[in-house]
Amino acid sequence: MAARIDPQERLRKLDLVLEGSRTLLVVMQNNPDPDAIAAAAALREIANERHGIACSLGHGGTVGRAENEALVRYLGLNPRSIASLDSERFDRVAVVDAQPGAGNISLPDGCVPDIVIDHHPIRRESRSARFTDIRSRYGATSTILYQYLDAAAIEIPTKLATALVYGIRSDTQDLGRESTRADIEAFLQLYPLANPRALGRIVSAPLPRAYFSRLRRALDSATLYGTRVVSNLGRLDSQEMIAEAADLLLRVEGVTWSCCIGCVGDTIHVSLRTSDREGNAGRVAHRMAGRRGFGGGHQTLAGAQIPLPAGARTADRLDRTVATLVQRFLRATGGASEQPEPLCLDD
Ligand SMILES: [Mn+2]
């Protein structure tokens, strides 16, 4: 069913959109992960090398995780806050590893991106872009960008190769999750060009003490509902631990679904994981988000963002909203009749 991908053809179409412009803004998701950072750096390389275009990278959140911060530093990137950028200043705007209208990305007001390159299921808003390349079966956007670099015969610098390897590894959990032949092929081509030592330093970047208290909170709150585990991390100042805890808790023996929930600012964030390849986590996330929120993702991993209703700032209201989300999660995964049981027992 999927149309055959001709990398040369895609590159030619991308060239048509980039041609004649001098500046490009590459927008990543609000809290860019290694795949987003690597994909943005790769698109910058292509725009630089082929068209001499000056690129700025932007996003609407923070680079929160120590590993991601280390990657940004290693690449010498200086990602800017979307709020501080005037999109009029740029001839072209691109979005990588996310799509306009999704809950995890901010674009300057009224900005319709020219280019969207992503591996999440296609969104209606993306169809307005002049150039879209969305391959929802791919494990990583880094894989897609690798194919452009390859088609353009660009010699991939060590740092970029290292970042792309990390992007593919982290989005596919070392190629074990949601990866295709294309991801494996890109990984095999990139690995010999990468610097494994530098990558080792990035993935084991020192973690702040706050990381461990957030982790403890996730574990203390983890509750089993049969083969599901749910954790409410409460209020947080950044969202990274929500996804990280969801990954970790999916490894609990006998568990097939994990659902972690936390509130950052005025938004409730949900991370969903399942080991069931037909689990359709994206659909569960969509159902959890309801009408006011955004939810979606892949078969085995997904997320949702739900704005806190006005006046729901008090802890009590937040708890009730989270309880509703947990009920939706349990119903959507067939676990509504399961009894809660704390994950961690005192021994
Ligand atoms: Mn990705």
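**Close-up 1. Arg123 is partly exposed, at 26% relative accessibility.** This is a predicted model. Arg123 pairs with Glu125 in a salt bridge. Their closest N and O atoms are 3.7 Å apart. Glu125 is partly exposed too, at 28% relative accessibility.

**Close-up 2. Arg177 and Asp247 form a salt bridge.** The closest N and O atoms of Arg177 and Asp247 are 3.3 Å apart. The pair links distant parts of the chain, 70 residues apart. Arg177 sits in the loop between helix 5 (158-171) and helix 6 (181-190). Asp247 belongs to helix 9 (residues 240-249). Arg177 is buried, with a relative accessible area of 12%. Buried means under 20%, so Arg177 falls in that class. Asp247 is partly exposed, at 23% relative accessibility.

**Close-up 3. Glu9, Arg12 and Lys13 make up one network.** Salt bridges that share partners join these residues.

**Close-up 4. Arg50 and Asp15 meet through their side chains in a salt bridge.** The N to O distance is 2.7 Å. How accessible is Arg50, as a relative area? Its value is 34%, which makes Arg50 partly exposed. Asp15, by contrast, is buried, with a relative accessible area of 11%.

**Close-up 5. The structure holds 13 salt bridges in total.** Among them are the pairs Arg50 with Asp15, Arg123 with Glu125 and Arg177 with Asp247. Side chains of opposite charge can pair when their charged atoms come close.

Key: Residues numbered from 1 in each chain as written. Predicted model: local features only at pLDDT ≥ 70, side-chain atom pairs only at ≥ 80, totals over all residues. Heavy atoms only, no water. Salt bridge = Lys/Arg side-chain N within 4 Å of Asp/Glu carboxyl O. Buried < 20%, exposed > 50% of the residue type's maximum accessible area, 1.4 Å probe, protein only. Helix = DSSP H or I, 4+ residues; strand = E, 2+ residues; numbered from the N terminus.
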